[in-house]
Amino acid sequence: MTAVAPTRLFPLLVALVLAVLSYALERAVREGPLRPEPRRHDPDYIVDRLVRTAYSSDGTVESRISADKVTHYPDDGTTDVSEPRITLSQPGRPHYQGRAERASVADDGEEVFLYGNVVIIREPDAERAEARLATDFLHVLGGPAIARSDLEVRLREGSRQLSGRGMEYHHDRGLFLLRDKVRGRFESTPPERK
């Protein structure tokens, strides 16, 4: 197990973005009390082209969640989401974006599974270059926010790159681990001439 300390806020935001996605999708598709469990795995409702936007008290957009299609299954309470997208924007902080080809959200909203071309981006600001985390699978647990992947994970910030197979991020401890085949590339910046 190799411990890595990338940019402090980026892994924190990975967990935050995914927790917000889990919570928002669960709330957006829940309708009243659960019905008795049917024997078949048939959807009880489908939402096409979902867009949920949250605003601050001054009317600026704080977050936007969208999906091509959201399908809820009452037998196990899961929600399948195709093409989930999330954008977080808070004043004075870099904007964050997240996307995947599909997601599955557990009944209680505490677990989210993201599949296919999962990308989390922290947009550049005056102090830092763009940071990008990419993988093909990410499992996010909401309680103590933990994000895991058993597949290849690639992290890039400016000219710095880090990759490995198997990742775990613990939000409460600020710990980002890459498990196997860890590779990195860190280019130094030449000193400025006076």
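Select glutamate 157 and arginine 122 together, and look at their side chains, which are joined by a polar contact of 2.8 Å; a polar contact here is a pair of N or O atoms within 3.5 Å, where within protein one atom must be able to donate a hydrogen and the other to accept it, and where residues adjacent in sequence count only if both atoms are side-chain atoms. Glutamate 157 lies in strand β10, which covers residues 146-157, and with a relative accessible area of 10% glutamate 157 is buried. The classes used throughout are buried for under 20% relative accessible area, exposed for over 50% and partly exposed in between, with a 1.4 Å probe and protein chains only.

Before going on, note that this is a predicted model, in which local features need pLDDT of at least 70 and side-chain atom pairs count only at pLDDT 80 or more, whereas totals for chains, interfaces and linings use all residues. Residues are numbered from 1 along each chain as its sequence is written, and side-chain values use heavy atoms, with hydrogens and water left out.

Now colour the chain by secondary structure. The chain has one helix and twelve strands, and from the N terminus on the elements run β-α-β-β-β-β-β-β-β-β-β-β-β; helices (H or I, at least four residues) and strands (E, at least two) are DSSP runs, numbered from the N terminus.

Next, select Phe113, Tyr115 and Phe137, which ring pairs link into a cluster. A search of the whole structure finds two aromatic pairs, where rings of Phe, Tyr and Trp (its six-membered ring) pair if their centres lie within 6.5 Å, and where planes under 30 degrees apart count as stacked, over 60 as edge-to-face and the rest as tilted. The rings of phenylalanine 113 and phenylalanine 137 have centres 6.5 Å apart and planes at 25°, so this pair is stacked. Because phenylalanine 113 belongs to strand β8 (residues 111-122) and phenylalanine 137 to strand β9 (residues 131-141), the pair ties together parts that are 24 residues apart in sequence. Phenylalanine 113 is partly exposed at 23% relative accessibility, whereas phenylalanine 137 is buried at 16%.

Keep phenylalanine 137 selected and turn to tyrosine 115: the ring centres of these two residues are 5.5 Å apart and the planes are at 40°, so the pair is tilted. This pair also links distant parts of the chain, with tyrosine 115 in strand β8 and phenylalanine 137 in strand β9, 22 residues apart. Tyrosine 115 has a relative accessible area of 25% and is partly exposed.

For the last stops, inspect the backbone. Most residues other than glycine have a negative phi. Asparagine 117, in strand β8, has a positive phi of about 50° although it is not a glycine, and with a relative accessible area of 39% asparagine 117 is partly exposed. Lysine 181, in strand β12 (residues 175-185), likewise has a positive phi of about 50° without being a glycine, and lysine 181 is exposed, with a relative accessible area of 55%.
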